[in-house]
Amino acid sequence: MRTLIIHTHARDATHAIGAQIGGMVAGGQVLALCGDLGAGKTTLVQGIAAGMGISTRVTSPTFVLVNEYAANGRKLVHIDAYRLAEGTTLADAATLGLADILDEADMDGRNVIAVEWADRIRALFPADLLQIEITAAADEPDGRTLLITATGAQSSAVLAQLSALHACPPGECAS
């Protein structure tokens, strides 16, 4: 497991990190986004979509649970698990089709799945996962800290590319 910490100071910077990630991810990638309300999860997904070449307006699927966007032969599946009970069971998720979506992430080699409030359906995730924990800075309104953790070869490759773009001060990058 590898970890990278990135600090941003503005909403646009958080969006730009998402765009970098979107340009790096391949089909089959699952992104687990965690953070409080207003932390910037949707902003990050909007950046990911932009980095994938998606020009459609990306909005949070809080009330519909899943939105899909396509461009350049790839598809971004954006899931918002906020309305699900914490610790949703596999049976509950199966009823909603989430388990199938996650199981089929790389079946066609083009789906990238981004899940907001991922901690609510953690049991469903594959072993290869890029988890992004977003926290608001206490001392600046638009400041954010992104703690990015990779498990698995595909996610580690994305993290390595991000690490190369964001040279880390000693103690802020861990492997």
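Which pattern does the protein chain follow when read along the sequence? In this predicted model, the order is β-α-β-α-β-β-α-α-β-β-β-α-β, built from 5 helices and 8 strands. Helices (H or I, at least four residues) and strands (E, at least two) are DSSP runs, numbered from the N terminus. Residues are numbered from 1 along each chain as its sequence is written. Because the model is predicted, local features need pLDDT of at least 70 and side-chain atom pairs count only at pLDDT 80 or more, while totals for chains, interfaces and linings use all residues; side-chain values use heavy atoms, with hydrogens and water left out.

The chain as a whole comes next. Of its 175 residues, 48% count as buried, where buried means under 20% relative accessible area, exposed over 50%, and partly exposed in between (1.4 Å probe, protein chains only). Contact means heavy atoms within 4.5 Å. Among contacts between residues at least 6 apart in sequence, 67% join residues at least 24 apart.

The buried residues of H1 are Thr14, Ile17, Gly18, Ile21, Gly22 and Met24. They lie on the same side of H1, because they cover an arc of only 165 degrees around the axis, taken from the directions from the helix axis to the C-beta atoms. Asp12 and Gly23, on the other side of H1, are exposed.

Strands S3 (residues 66–71) and S4 (residues 74–80) pair in the antiparallel sense over 6 bridges; two strands pair if DSSP finds at least two bridges between them. The two form a hairpin with 2 residues between them, and Asn72 in the turn has a positive phi of about 55 degrees. Ala71 has Arg74 of S4 as its bridge partner. In a regular strand the side chains alternate between the two faces of the sheet. Asn67, Tyr69 and Ala71 make up the covered face of S3, whereas Val66, Glu68 and Ala70 make up the uncovered one.

Glu68 also takes part in a salt bridge with Lys75 (3.5 Å, N to O). A salt bridge is a side-chain nitrogen of Lys or Arg within 4 Å of a carboxyl oxygen of Asp or Glu, and a search of the whole structure finds 1. Lys75 counts as buried, because its relative accessibility is 19%.
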